Amino acid sequence: MSFINYASREINCKIVYYGPGLCGKTTNLQYIFNKTAEEAKGKMISLATETERTLFFDFLPLALGEIRGFKVRFHLYTVPGQVFYDASRKLILKGVDGLVFVADSQDERLDANIESMENLQDNLEEQGMKLEELPFVMQYNKMDLPNLTPTEELSKLLNPRKVPEFTASAVTGDGVFETLKAVAKLILIDLKKGAGS
Amino acid sequence: MLGPQSTFVMYDEEFKRINFLIEKLLRESNSKVIFLVDKNGQLIAATGETEHLDTTSLASLTAGNIAATGGLAKLIGEKEFSILFHEGEKDNLHISIIGTRVILVIIFDQRSSLGLVRLRVKKASNELAAIFDELAKKAESETKPGQGESPFAEITDDDIDNLFS
Ligand SMILES: Nc1nc2c(ncn2[C@@H]2O[C@H](COP(=O)(O)OP(=O)(O)OP(=O)(O)O)[C@@H](O)[C@H]2O)c(=O)[nH]1
Ligand SMILES: [Mg+2]
């Protein structure tokens, strides 16, 4: 649910990074944080365990610029990917305007990806939302590693509707901004259509 | 009423009235900072000694806090905990829910007291809730299809691309 403030001429949108544990959601946000100019970003908040696993969420506010005199802000969140944090994932999904699914392309994580995708759909449905109706992009992460499931196969299994998809390596930053830009664009197009209201 | 996907819209007139009310609440409760956040973590308004505060982070964490305690409430069969209070060494945090989707946060120190804050919040809450109700109705009537009033109706691909350049 975006927030349009005519008084301060701002628009805020919420983007959520979803995906199985250790797929690289937090790493995506860290890369974006590191590469974004000081004046365009706020503090990054990570509520994490001692071992740097996301416990509740990561949060990164970005103010990229203006459109038609309105300051456009994106609030980026990650969910905790570990299976047993499902209650927290549901909370983070509330009011989402756009979604990025980060898949872990390593062979041994194939089942975890599929499970996480089903979990996403269930959790959205529970709140009266549908993945098909939301701005949504796919990212196939960890492309720098060996033992990958071929991207075409990942795409067939995880992205039957062929939403915009990107290969990435969040540690090096490959594909990270392409992914963000794609989902941001879909959100703004959605606003334009007035579908968000 | 408002579905989960409805856009939250704020207009000049209501924004002024909201700010007027929280400034009054700030004075009458002797508190340091007051801010309003929507349940998704977006800052709506803030007043008081906010210069050294990271209000964006505060907003997001407050919403996370309310979301988490709301989840706890459901687990024990409560609808919601309508007031949260965190006591610090110097500053205290009073968090309450206004209507269904707005969170009121008050930071106060020894110049005030929990009793006073509670008392003032009670009255202000009703007034604020009324404004947010009006806002919801207004937003709903103004976003009916066919009324292309949205400033985003004319966004071009170039506008969007420029954001990332
Ligand atoms: N080689 C490689 N490692 C990566 C990549 N992306 C993330 N990692 C590593 O994978 C590990 C987990 O990354 P995180 O970003 O913390 O994963 P997450 O999805 O946030 O995990 P949860 O918080 O548990 O849901 C870290 O050690 C990262 O450095 C990548 O593209 N390539
Ligand atoms: Mg994480």
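A residue counts as buried when its relative accessible area is under 20%. A:T149 is buried on this rule, because its relative accessible area is 3%. The model described here is predicted. A:T149 sits in the loop between β7 (136-141) and α4 of chain A. Its side chain makes a polar contact of 3.0 Å with the side chain of A:D107. Not counting residues up to four places away in sequence, A:T149 touches A:S105, A:Q106, A:D107, A:L110 and A:L154.

Helix α4 of chain A, residues 151-158, contains A:L158. This leucine counts as buried because its relative accessibility is 4%. Leaving aside neighbours within four places in sequence, A:L158 is in contact with A:F101, A:A103, A:N113, A:I114, A:M117, A:M138 and A:Y140. A:F101 lies 57 residues from A:L158 along the chain, and the C-alpha atoms of the two are separated by 9.4 Å.

Chain A also supplies the protein donors of the magnesium ion (ligand 2). These are A:T26 and A:T54, each through its OG1 atom, at 2.0 Å from the ion. A:T26 belongs to helix α1 (residues 25-35) of chain A, and A:T54 to strand β4 (residues 54-67) of chain A. The two threonines are 28 residues apart, and the pair links distant parts of the chain. Both A:T26 and A:T54 are buried.

Two residues of chain A stand out for their backbone angles. Most residues other than glycine have a negative phi. A:R68, although not a glycine, has a positive phi of about 50°. A:R68 lies in the loop between β4 and β5 (70-78) of chain A. It counts as partly exposed because its relative accessibility is 41%. A:K162 is not a glycine either, and has a positive phi of about 55°. The loop between α4 and β8 (165-167) of chain A holds A:K162. At 48% relative accessibility, A:K162 counts as partly exposed.

The two chains meet in an interface. In it, 38 residues of chain B are in contact with 46 residues of chain A. Together the chains bury about 3900 Å², 64% of it on carbon and sulfur atoms. B:F152, B:L163 and B:F164 supply 19% of the area that chain B buries against chain A, more than any other three residues. There are 2 salt bridges between chain B and chain A. The side chains of A:K43 and B:D54 meet in a salt bridge, at 3.5 Å from N to O. On the side of chain B that touches chain A, the elements giving two or more residues are β1 (8-10), α1 (12-28), β3 (43-48), α2 (55-75) and α4 (157-163) of chain B. The largest share of this side, 7 residues, comes from α2(B). By type, the residues of this side are 18 nonpolar, 13 polar and 7 charged.

Over all chains, the structure holds 15 salt bridges. In chain A, the side chains of A:E126 and A:K90 form one at 3.2 Å, N to O. A:E126 is in helix α3 (residues 110-126) and A:K90 in helix α2 (residues 86-93) of chain A, so the pair ties together parts that are 36 residues apart in sequence. A:E126 is exposed, with a relative accessible area of 54%. A:K90 counts as partly exposed, at 23% relative accessibility.

In chain B, a salt bridge of 3.1 Å, N to O, joins the side chains of B:E134 and B:R17. B:E134 lies in helix α3 (residues 114-142) and B:R17 in helix α1 of chain B, so this pair ties together parts that are 117 residues apart in sequence. Both ends are partly exposed: B:E134 has a relative accessible area of 36%, and B:R17 one of 31%. B:E134 and B:R17 also belong to a network of salt bridges with B:E13, B:E14 and B:K138.

Another salt bridge of chain B, at 3.0 Å from N to O, joins the side chains of B:R111 and B:D109. B:D109 is buried, with a relative accessible area of 7%. B:D109 is also among the contacts of B:N92, leaving aside neighbours within four places in sequence; the others are B:F85, B:H86, B:E87, B:I106, B:I107 and B:F108. B:N92 lies in strand β5 (residues 92-98) of chain B. At 11% relative accessibility, B:N92 counts as buried. The side chain of B:N92 reaches the backbone nitrogen of B:G88 at 3.2 Å.

Methods
Residues numbered from 1 in each chain as written. Chains lettered and ligands numbered in written order. Predicted model: local features only at pLDDT ≥ 70, side-chain atom pairs only at ≥ 80, totals over all residues. Heavy atoms only, no water. Donors = N, O, S within 2.8 Å, 3.2 Å for Na, K, Ca; no water. Helix = DSSP H or I, 4+ residues; strand = E, 2+ residues; numbered from the N terminus. Buried < 20%, exposed > 50% of the residue type's maximum accessible area, 1.4 Å probe, protein only. Contact = heavy atoms within 4.5 Å. Buried area = accessible area lost by both parts, 1.4 Å probe. Salt bridge = Lys/Arg side-chain N within 4 Å of Asp/Glu carboxyl O. Nonpolar A, V, L, I, M, F, W, Y, C, P; charged D, E, K, R; others polar. Polar contact = N/O pair within 3.5 Å; in protein donor to acceptor, adjacent residues only side chain to side chain.
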